[in-house]
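Here is a quick tour to read alongside the model on your screen. Have the viewer open and follow along.

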Amino acid sequence: MTTSPLKDLESTSRRRGAARELWHAVGDRAARLLAGLHQTWRRSLQARVVTITLVTSSLLVGGFAYLIADKITNILLENAKTDVQLRLLNGAEYAAKQFSLYGQPQEAQLQETIDGTVNYLAGGDPQQNSGVVVALTAESWPGVIEPRTSPAANVRPLISPELRAAVAGGNVANQIRTGRLTGESERKYLVYGSPVPTRFGQVELYYFVPLTLQDTTAAQARATVVATGVALVLLLGLLAALVTRLVVIPVRVAARTAQRLSAGLLDQRMAVNGEDDLALLAASFNQMATNLQRQILRLEEMSRLQRRFTSDVSHELRTPLTTVRMAADLIFAERAEFDPAVARSAELLQAELDRFEELLTDLLEISRFDAGFAVLDAEPTDLVPVVHRVVDRLSGLAERVGVDIELDVPATPVIAEIDPRRVERVLRNLVGNAVEHGEGRPVRITLGMDETAVALTVRDHGVGLKPGEEKLVFNRFWRADPSRARQTGGTGLGLSISVEDARLHGGWLEAWGAPGQGAQFRLTLPARAGDRLTTSPLRLVPADVTLPFGVPPAGGPLAICPGPNGTLAVGPAATPPRVEVGS
């Protein structure tokens, strides 16, 4: 039965696909394991200390064990060499005496004497059946004197040419060789050779001593040293883990306690055990927490009293202000019948009362923000009519100061879930400030949106902001030029309330300015209430800005955006445009 090439190709392709999937699965699991180990290494001080201790102690103990095992092996080998040298020296002297009676190698009794001498030297071994082989050869008389061994064995493979040449040259030499002599398994032999002088020339005496006992003893010594080293390394790792744990646990407890304190649980404290350094750390930490709790409670009480005072004063001033307003309205209505000086005083009184009422309204709004009582009434709203409504309300002021208001809004509706009252108030404050500081130049309002956010920018070409004033422009009652007269009679709280309104929406209110190039404010709000902002549809830095040489547009100006708990945060000043805005 045969298969088609197409089926073979499909089967091969399936096998390769399965192999690739297996490799991918193994790679993913290895990557996850490495990521977990890396995370553990970064986060756990105890794991790092124990790992470093284990690695360092392993290197030290391993080096020490190697030196000890090598020293033991050398001692055993030297002892074996010393013993064989002594036996070889005695055997060579005995053989020389036995062969001194013969003057020619052809004598009939010489071979028998050689056999007897070899057997005697082999039988003289104090350790019977120890595997020692004695051999006697005559390289100078090949074919005349036959080599003899006791016990019988083929020793020629274990005698290297170098060793044979050294002994033939009249020297005592040795080598360590591996081979099989007596029919047993291969062994390691210490081979010693010595020349034996005779009247008819020189013969060679060899001792083959197995090193099995030495190897076994050295292996046992190495195993003992390794086992001792492993136990010592594990003991050091356990000791490092215990010592580190004694230090890490109080640190972890301190970290958890600090996290609870930062979360507002000011009554959290650490347990103090003993009188050591860690106990002193815990006591000091508890004292610090107590002092912080006392200070925070005092500041909270002062802040509460301040907010309550502001709210109470604002409410209490409502009644006398109403009475004064009624009297001022009556005087203002009859000002035509007064002297010019008195009529002018009536007009000033009316204007300041209007500003006073606005200040009280802003103070009440600020007190609601500070107390956390401000509520967002979000509903789907078209921002285009809101912009037009603000421009219509401020057109009289713009005409009075000679400022033109230009609009750049889409022709289609811009719908977002916002609180229209608060957004209109923010836009009114921004446009009013731009008109006041516009120096008679046009003020441009731009509206844009994308899939996630809507943005409004208000651009003026006045004196602008000095470096660092972007951080101060949203502070309460802050003015760039204290000597400058207000055209709109503002209270100094408009931008502060605008920041709070933007924060309540989950949006950004940012400022940019440069001396002589005007300023631009950008309000960015999420298109759906509760969404988180990541980018803005409009740039914060105007496209017509000329920055100093070498200063990139995105790196020069700063941006101020509302942070948590009513704070202000400094962020990047420019966001690339996301959509084209219609005119």
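At what angle do helix α2 and helix α5 pack, and how many Å apart are their axes? This is a predicted model, and in it α2 (residues 45–99) packs on α5 (residues 212–262) at about 160 degrees, with the axes 8 Å apart. An angle over 145 degrees counts as roughly antiparallel, and α2 and α5 are therefore roughly antiparallel to each other. Their crossing is right-handed. As for what sits in that contact, the tally by class is 20 nonpolar, 10 polar and three charged residues.

Now for the sheet. Five strands make up an open sheet, in the order β2-β1-β5-β4-β3, with antiparallel pairing. At the edges are β2 and β3 (173–179), each of which pairs on one side only. Going from one strand to the next, the twist averages 20 degrees. As background, strands of a sheet pair through backbone hydrogen bonds, in either a parallel or an antiparallel way.

Is β1 largely enclosed or largely open? Five of its five residues are buried, so β1 is largely enclosed by the rest of the structure. Val 133, Ala 135 and Thr 137 point one way from the strand, while Val 134 and Leu 136 point the other way, and all are buried.

What does β1 pair with? On one hand there is strand β5 (residues 201–210), which pairs with β1 in the antiparallel sense over five bridges. On the other there is β2, antiparallel to β1 and joined to it by three bridges. Ala 135 shows both pairings: its bridge partner in β5 is Tyr 206, and its bridge partner in β2 is Thr 149. Leu 136 has Arg 148 as its bridge partner in β2.

A search of the whole structure turns up 14 salt bridges; here are some of them.

| Salt bridge | N to O distance |
|---|---|
| Asp 419 and Arg 422 | 3.3 Å |
| Arg 528 and Asp 531 | 3.0 Å |

Which parts does the pair of Asp 115 and Arg 148 tie together? Asp 115 lies in helix α3 (residues 110–123) and Arg 148 in strand β2 (residues 148–150), so the bridge links parts that are 33 residues apart in sequence. Asp 115 counts as partly exposed, at 24% relative accessibility, and so does Arg 148, at 26%.

What about the other two pairs in the table? Asp 419 and Arg 422 are both buried. Arg 528 is partly exposed, with a relative accessible area of 42%, and Asp 531 is partly exposed too, with 30%.

Technical notes: Residues are numbered from 1 along each chain as its sequence is written. This is a predicted model: local features need pLDDT of at least 70, side-chain atom pairs count only at pLDDT 80 or more; totals for chains, interfaces and linings use all residues. Side-chain values use heavy atoms; hydrogens and water are left out. Axes are lines fitted to C-alpha atoms, for helices over the stretch in contact, and angles run from 0 to 180 degrees between N-to-C directions. Helices (H or I, at least four residues) and strands (E, at least two) are DSSP runs, numbered from the N terminus. Angles under 35 degrees count as roughly parallel, over 145 as roughly antiparallel, 65 to 115 as roughly perpendicular and the rest as oblique. A crossing is left-handed if the near helix is turned anticlockwise from the far one by less than a right angle, and right-handed if clockwise. Ala, Val, Leu, Ile, Met, Phe, Trp, Tyr, Cys and Pro count as nonpolar, Asp, Glu, Lys and Arg as charged, and the others, Gly among them, as polar. A salt bridge is a side-chain nitrogen of Lys or Arg within 4 Å of a carboxyl oxygen of Asp or Glu. Buried means under 20% relative accessible area, exposed over 50%, partly exposed in between (1.4 Å probe, protein chains only). Two strands pair if DSSP finds at least two bridges between them.
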